[in-house]
Amino acid sequence: MSMEINDTGMSDNVTLSDNNDSSNNRVFDDSKIAKLNGIISQGLNPYPYKFEKTGDICNILKKFEDFEENEGLTVRTAGRLYNIRKHGKMIFADLGDQAGRIQILIRKGNLPDEEFETFKNFVDSGDIIGIRGDLFKTKRGEDSIGVSEFSLLSKSLCALPEKFHGLKDIETRYRKRYLDLIVNAEKREIFVMRSKLTSEIRRFLAEREFLEFETPILQTVYGGANARPFMTFHNCLGQNLFLRIAPELYLKRLVVGGYEKVFEISKNFRNEDIDTTHNPEFTMIEVYEAYSDYNDMMDLTECLISELVFKLTGGYEVKMGEKTINLRSPWKRISMEDALKEYAGLDIFAHSLEELKQIAIQNRIEDYEKAKSYGEFLALLFEGLVEDKLINPTFIYDFPVENSPLAKNHRDKAGFVERFELFLNGWELANGYSELNDPLEQEKRFEEQDKKRKLGDLEAQTVDYDFINALGYGLPPTGGMGLGIDRLTMIIAGLESIKEVILFPQMKREDRVQEN
């Protein structure tokens, strides 16, 4: 057994936790702490510094594809122990790392008796060990490693969920994601895929000569979306700051400055409801291209997503419950006005405002009392009657000017702007514009938003005069697009809850139970 002598300054004895102390949130297992003390009493270090591996478990498993060539090959690898099975002088266990799992065999005789007894008496499921051993197959043909040397690399003090029931409680999985990842390999694969997704987005845009930038998270004026911000206070500057709700206004400042193709993968923060498709901290990408418009952004969005889906899944279809979503191009494109006619049988301009109000009431659509114009009713009724019917990818374009303060006026349709949203599975996935670059019109739009904010609309935007001044130096015709990475991951993975694709989703704090 290769273990370091305990020269780390660690206490010679670890005190057992008092599990009856309700103010102590530690969940250490007393039997594991007793085993830790046993290891320390032997003068061994249960937390050494390093272990040299010759390969990960995935690569080792590939060696078995040519077993005749590799039988008896000696390997060194490391991982976490699962499912230890003791059979007298033989101990079987599963060893797992990021890439996979393999069976290992600890046999008395292959190790000195003292080391075999150390493993038998002090090593548990959940411990991390390094091993040296030879490849072999059991009589049943299972790929295995016969261990000739092992090192305890990290003694676990918390017990893993038992084998057959595992970790099923959803709230526990979200609060203790580290434990979820330890015991549910399929959940780890979701985040491996998410990591590949963001890498592929960067590759796709870099190939098209876009530059990635970082813009401020702490801002003196929030903007770029209609959302309620989080606020904090900077002690040194003596002023309030807001957490970013969108990177849009800063990225467009960069286009003013001369960068023609820019993007940012950003963390945004919105003080809004938490549900299956919303988390107050979320990730999105925003892309801006000078001398382009919203038609170009629709083309870019469609090409990006369809290519991502194919690279990550090998095809263009994804499953969402019982639904199959086809992401093969071309995707449907339809105006908001025509979508309301097609999916709800409603020609909005054939009705009076009072009639539209009654239609909203009859369909139990919330916030109908806020709608005062045809444009506001169009957006309201579309959201209430059409959105959930858009399962396959659909671009909805030409939005009313009332709810689009950053988009350019439509070149042909009065009262509308050149804006689109992409819908999949009934969810909004992307949003894009022909960007408004008239500084006087932008000032007017901001002021209208600010009036709404002062009347109690907490999601209305404020006036950003520095941004208006930036536009005053000249923003070229520009197309912009924002895409939600969390929701895109949900689509590709076929998941219905955003918490499944965010490693550490926001949860309500668990207050400690106080003793009487």
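**Reading a predicted fold: cavity, sheets and helices**

Biologist: How many nonpolar, polar and charged residues are in the lining of the largest cavity?

Modeller: The lining has five nonpolar, two polar and three charged residues. Here Ala, Val, Leu, Ile, Met, Phe, Trp, Tyr, Cys and Pro count as nonpolar, Asp, Glu, Lys and Arg as charged, and the others, Gly among them, as polar. Before we go on: this is a predicted model, where local features need pLDDT of at least 70 and side-chain atom pairs count only at pLDDT 80 or more, while totals for chains, interfaces and linings use all residues. Residues are numbered from 1 along each chain as its sequence is written, and side-chain values use heavy atoms, with hydrogens and water left out.

Biologist: What is a cavity, and which residues line the largest one?

Modeller: On a 1 Å grid over the protein atoms alone, a cavity is a set of points where a 1.4 Å probe fits but cannot get out, and lining residues have an atom within 4 Å of a point. Points are joined across faces, edges and corners, and the volume is the space filled by probe spheres set on them. This structure holds one cavity of 30 Å³ or more, and the volume of the largest is about 40 Å³. Its lining is made up of Gln 219, Val 221, Gly 223, Ala 246, Pro 247, Glu 248, Leu 249, Tyr 250, Arg 253 and Asp 464. Helix 8 (residues 248-256) gives the largest share, four residues. Helices (H or I, at least four residues) and strands (E, at least two) are DSSP runs, numbered from the N terminus.

Biologist: Gln 219 sits in that lining. Which residue is its bridge partner in strand 9?

Modeller: Phe 242. Strands of a sheet pair through backbone hydrogen bonds, either parallel or antiparallel; we call two strands paired if DSSP finds at least two bridges between them. Strand 7 and strand 9 (residues 239-243) pair in the antiparallel sense over two bridges. They belong to an open sheet of three strands, in the order 7-9-8, with antiparallel pairing. Strand 7 (218-219) and strand 8 (231-234) are the edge strands, each pairing on one side only.

Biologist: What is the strand order in the open sheet of eight strands?

Modeller: That one reads 6-10-11-18-17-16-15-14, with mixed pairing. Strand 6 and strand 14 (332-335) each have a single partner strand, so one side of each is left without a neighbour in the sheet.

Biologist: Is strand 18 mostly covered or uncovered?

Modeller: Covered: seven of the seven residues in strand 18 (residues 478-484) are buried, where buried means under 20% relative accessible area, exposed over 50%, and partly exposed in between (1.4 Å probe, protein chains only). Thr 478, Gly 480, Gly 482 and Gly 484 are buried on one side, and Gly 479, Met 481 and Leu 483 on the other. Met 284 has Gly 484 as its bridge partner, while Asn 431 has Gly 482.

Biologist: Which strands does helix 7 lie across?

Modeller: Helix 7 lies across strand 6, strand 10 (261-269) and strand 11, at about 155° to strand 10. Helix 9 (residues 294-313) packs on the sheet too, touching strands including strand 11 and strand 18, and makes about 10° with strand 16. Contact means heavy atoms within 4.5 Å; angles run from 0 to 180 degrees between N-to-C directions, with axes fitted to C-alpha atoms, for helices over the stretch in contact.

Key
On a 1 Å grid over the protein atoms alone, a cavity is a set of points where a 1.4 Å probe fits but cannot get out, and a pocket is an open set with protein on both sides within 12 Å along at least five of seven lines; lining residues have an atom within 4 Å of a point.
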